[in-house]
Amino acid sequence: MLSSNLKRAAAAGPILLWLSITGSNAQNSERAMQSLSAMVGTMSVDAETEMSSGSLSGCHFMFTAVAQDLIYRQGAYIGVSGNVGVRKANNNFGIDLKVVIFDIDSSKSSFVLKPSAPSRAYLVGQDFQTNLSSLIATVPSDTPGALVSLFQFHPSFGILMNGIRRGKITIAFNRDGGDKDIRLPLELDVKSVSDSGQRQRSDEAIRSFGRCIKTMMPQ
């Protein structure tokens, strides 16, 4: 069971890999649950670039978070990871969002990570504007628990850039095909987090993403 959990966790993100190891026996499970409670929120954000045929083709934020599902799981913990950013294809730009969700089941003596992909995911702006109406398509992913959504450039890019200026991007997603959506704010300056919930912060991801955008989308 542990090896299966490790494989799933590696695909979902560093925090879930940590859970598979820390929560692998009854003695550690209580400690891990306490840490989960302390670490709810953004766990890490990094910037990543993509190259295609020798040219820059993508600028993304890679994120990992822990949240409580108060809508579908009575406050149970879930692991959320993925990426969001700008992609270039055939001289056209679009926004893509990948959301990976794992239910964190602690009902037994060890943590069990259950992939549970949403059927809807999108960005939410400061004034509650969303980009869902500009959805082009969802595409298959070989990552367990993942949904990949492709959006038109507008209004998604404006929502993304406004979030960057505020240092926070909010994503929303549903569970089990439901009508209600969970909103998850991602703090873009969180580099890492300790077991006690202490966050190490840096603006490096924001600056790296900005450099990538300026190179890929020259004025």
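Asn90 is found in the loop between E3 and E4, where strands such as these are DSSP runs of E with at least two residues, helices are runs of H or I with at least four, and both are numbered from the N terminus. Asn90 has a positive phi of about 55° although it is not a glycine. At 72% relative accessibility this residue counts as exposed; the cut-offs are under 20% relative accessible area for buried, over 50% for exposed, and partly exposed in between, with a 1.4 Å probe and protein chains only.

A quick word on the model before the tour. It is a predicted one, so local features need pLDDT of at least 70 and side-chain atom pairs count only at pLDDT 80 or more, while totals for chains, interfaces and linings use all residues. Residues are numbered from 1 along each chain as its sequence is written, and side-chain values use heavy atoms, with hydrogens and water left out.

**Backbone points to check**

- Ser53 also has a positive phi, of about 50°, although it is not a glycine.
- Ser53 sits in the loop between E1 and E2, and with a relative accessible area of 78% it is exposed.
- His154 and Pro155 are joined by a cis peptide bond, with omega at about 5°.
- Pro155 has its place in helix H4.

**Strand pairing and hairpins**

- E1 and E2 pair in the antiparallel sense over 11 bridges; two strands count as paired if DSSP finds at least two bridges between them.
- Ser52 has Ser55 in E2 as its bridge partner.
- The hairpin of E1 and E2 has two residues between the strands, and this is where Ser53 takes its positive phi.
- E2 and E3 also run antiparallel, joined by 12 bridges.
- Val66 has Gly79 in E3 as its bridge partner.
- The hairpin of E2 and E3 has six residues between the strands, and Gln74 in the turn has a positive phi of about 50°.
- Of the 15 residues of E2, 12 are buried, so this strand is largely enclosed by the rest of the structure.

**Salt bridges**

- The count comes to 12 salt bridges, each being a side-chain nitrogen of Lys or Arg within 4 Å of a carboxyl oxygen of Asp or Glu.
- Arg87 forms a salt bridge with Glu50, and the closest N and O atoms are 2.6 Å apart.
- That pair links distant parts of the chain, with Arg87 in strand E3 (residues 76-89) and Glu50 in strand E1 (residues 41-52), 37 residues apart.
- Arg87 is partly exposed at a relative accessible area of 31%, and Glu50 is partly exposed at 24%.
- Arg87 forms a salt bridge with Asp96 as well, with the closest N and O atoms 2.7 Å apart.
- Asp96 is buried, with a relative accessible area of 5%.
- Arg73 and Asp103 meet through their side chains in a salt bridge of 3.6 Å, N to O.
- Arg73 lies in the loop between strand E2 (55-69) and E3, and Asp103 in strand E4 (residues 92-105), so the pair ties together parts that are 30 residues apart in sequence.
- Arg73 is partly exposed at 25%, whereas Asp103 is buried at 12%.
- Both residues belong to a network of salt bridges that links Asp69, Arg73, Asp103, Arg175 and Asp176.

**The cavity**

- There is one cavity of 30 Å³ or more; on a 1 Å grid over the protein atoms alone, a cavity is a set of points where a 1.4 Å probe fits but cannot get out, and lining residues have an atom within 4 Å of a point.
- The largest cavity has a volume of about 40 Å³, where a volume is the space filled by probe spheres set on the points, and grid points are joined across faces, edges and corners.
- The lining is made up of Leu123, Val124, Ile159, Leu160, Gly163, Arg166, Lys168, Ile169 and Thr170.
- Strand E6 (121-124), helix H4 (153-166) and strand E9 (168-173) each supply at least two of the lining residues.
- H4 gives the most to this lining, with four residues.
- By type, the lining divides into five nonpolar, two polar and two charged residues; Ala, Val, Leu, Ile, Met, Phe, Trp, Tyr, Cys and Pro count as nonpolar, Asp, Glu, Lys and Arg as charged, and the others, Gly among them, as polar.

Notes:
On a 1 Å grid over the protein atoms alone, a cavity is a set of points where a 1.4 Å probe fits but cannot get out, and a pocket is an open set with protein on both sides within 12 Å along at least five of seven lines; lining residues have an atom within 4 Å of a point.
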